[in-house]
Each structure stands twice: as C-alpha cells, then as structure tokens.
Amino acid sequence: MHRKKRPAVDSSIASEQGMTSGGQPLSYNRAPAPDLAPWVGRLYVTKVTAPEDYRLSCGLFNDTACVRIQLAGDWRAVTATGPEHFGKAALFFGPQSRRMPVSVTGSFTSVGLALRPGACLTLQGLHVREFVDRLVVTDAVKTPSANILSRIDPDGTPEDWLQGLEEMIRQRIAQIDAKQPDPIISRFEELAFSNPNITVAQAARDCGVERRKLERMVSRDFGMSPKQVLRRARALDMASYLRGVADRNEGDEITLRYYDESHLIHEFTELFGMSPRQFQSTPQPILTLALESRQARRLEALKRLQPGEDRPWA
C-alpha cells in the first residue's frame, strides 16, 4: 500500500506563501501564543493567485471547528444544510465528518484559526455536534462578523492579522473568565494524533475514565463518537501522506494502520468521496493547505517538531 507516486498539482494557481518541494501550496500557519494554546490549535493565512475567471473545485476536511475570514474570492460550498455562496465574510465552520465540497473563483485570501476540541463550549457555550458539516456566518454564534472583519487591516501583514485574531480570543477569555477545555478531552485529542488505531476501550483507560463517560465527553466536544474521531484522524493522516505533506518517515506506519488495500480503499472513499488513487492523481490545493496546517499542528503537539522549525515536507 506504500505509494511513491508524486501527487498532482494545479499549475493555474500560485501561493504567495510558497510551495513544498513536491509543488503543493503552502499557507503561513503557526501555533498560537502560549497563553491561548488550551483553546486555539492553529492560525493561518492563505493567499493564492489565480486567473480572474478560474474556478477551483476542491474540498475541505477539518477535524475541529474553525473561524475562517474570507477576504477575497467567490466561494461556494455544499454543506449538511445545503449549498452556500459567499464572498467577503467571517464564517464559523463546525468540524467535518467527511470531505466538504468547496469551490472558489478567482484569486483568494483566507485568514483563520482552528479551535481545539472543547473550546467552543468554554468560550461560546456552543455544542459543536449541532454544527458538524455546517458553516454559518459568525453572527449566528454570538460573534458579529463586522467585529472580526474590522480586525483585519488591508495594509497589515499576515502576522498582524493573526495577532489581531489572537487578541480577539484573549479578550473573550478575559471577559468571561473562560475555563480551559477538560484535560480528558485534550488527552483524547493527543491519542487521536499519536495512535488513531487505538480501541475506544483502551483510549478510555489511557484517559482514566469509564468508556461511557469518554463517549459522552467526546460526543459533546468533538461532535461525534470516539470511534468516528479516530477513524477520521487515520484518514486525514493518510490523505496528508498521499498529498506529500506528512513526515516521510511515518509513511509505512500510516499505511499499515489499514488492514489491507481493500480496507484502505473502502474507508478512504467513504470519507473523501474518491479512492486514494483518485485523490492522489487529482489536484487538491485547498484541501492540501488544510492538511499541511493540521500535520504541522499534530507534529508539534506530539513534540516531534518545534514551532518555527523546518517541516519535513518543505
């Protein structure tokens, strides 16, 4: 099951943040400031140039809720509640149980942050299971989009933008004296990163709780069952490997998480809507950007990569 084929790229677009050695687009993404790390998993800025009338059809598949500020581009998405169409907007995306079809016409700029499991509940009182595979304007989740957009100075740098988002979260934490997400949830998140083949029973033992309690907590803070979270984590690592944005030294380990080729094809196709071979041979620039950011977050969380250190795929 080890795949050495070079993943396809889209030559019609160019990322201002550069490309990997294999030609995959990169964003500017980094870990949050240490005081925000319990609530925020990652921050990013993506700026991609494309012909004015060029329509890029791709997808998104995120394992946590995200706030995405779309500053440029004509965007469309197919969500659990139907098609969505938006231009400049501040949006709240719930976690995704499978690949969400997304397209954008023209050049695009996107700024955002990924919230850690449990953060939506402690910061906003939101139950993410109500937002799985959905997106809404942030006004619908008690955060006026105008306030968010006002923090993005068009003349600012990407780092200025990210610091503005960090300050917004910092103010919210101070305003309500927000609690940190439960350490049991943080531990389960780490297990999903390190060993997504773990059984739910073993994960409960590692988290120091009964299985039923873990299932209730994960459903509340991840929006789905522990088994679904682990299955998704395994697939996202595999997708990252296929797109060339995973640590090459983990290649064999990632592929051997599947019993055989049939198991891989069945599970991957169910979650991504295409076979691994199709996924690798079809350009996936938007999804690859999200996968690369997640892999950087994952390796840093597992202490395999230091913040700011060169990434294995660069």
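Which residues of α5 are buried? First, the conditions. This is a predicted model, where local features need pLDDT of at least 70, side-chain atom pairs count only at pLDDT 80 or more, and totals for chains, interfaces and linings use all residues. Residues are numbered from 1 along each chain as its sequence is written, and side-chain values use heavy atoms, with hydrogens and water left out.

The answer for α5 is Val-200, Ala-203, Ala-204 and Cys-207; buried means under 20% relative accessible area, exposed over 50%, partly exposed in between, with a 1.4 Å probe and protein chains only. These residues cover an arc of only 100° around the axis, so they sit on the same side of α5. That arc is taken from the directions from the helix axis to the C-beta atoms. Helices here are DSSP runs of H or I, at least four residues, numbered from the N terminus. The cover over the buried residues of α5 includes α4, α6 (211–222) and α7 (226–242), with contact meaning heavy atoms within 4.5 Å.

Now the pair itself. The axes of α4 (residues 183–194) and α5 (residues 200–207) come within 10 Å and cross at roughly 130°. On the α4 side, Ile-184, Arg-187, Phe-188 and Leu-191 make the contact; on the α5 side, Ala-203, Asp-206 and Cys-207 do.

Just after α5, Gly-208 has a positive phi of about 75°.

Last, Ser-150, in the loop between α2 (145–149) and α3 (158–176). Ser-150 counts as exposed because its relative accessibility is 58%. From Ser-150 to Gly-164 is 14 residues in sequence and 9.5 Å in space, C-alpha to C-alpha.

Definitions and conventions: Axes are lines fitted to C-alpha atoms, for helices over the stretch in contact, and angles run from 0 to 180 degrees between N-to-C directions. Helices (H or I, at least four residues) and strands (E, at least two) are DSSP runs, numbered from the N terminus.
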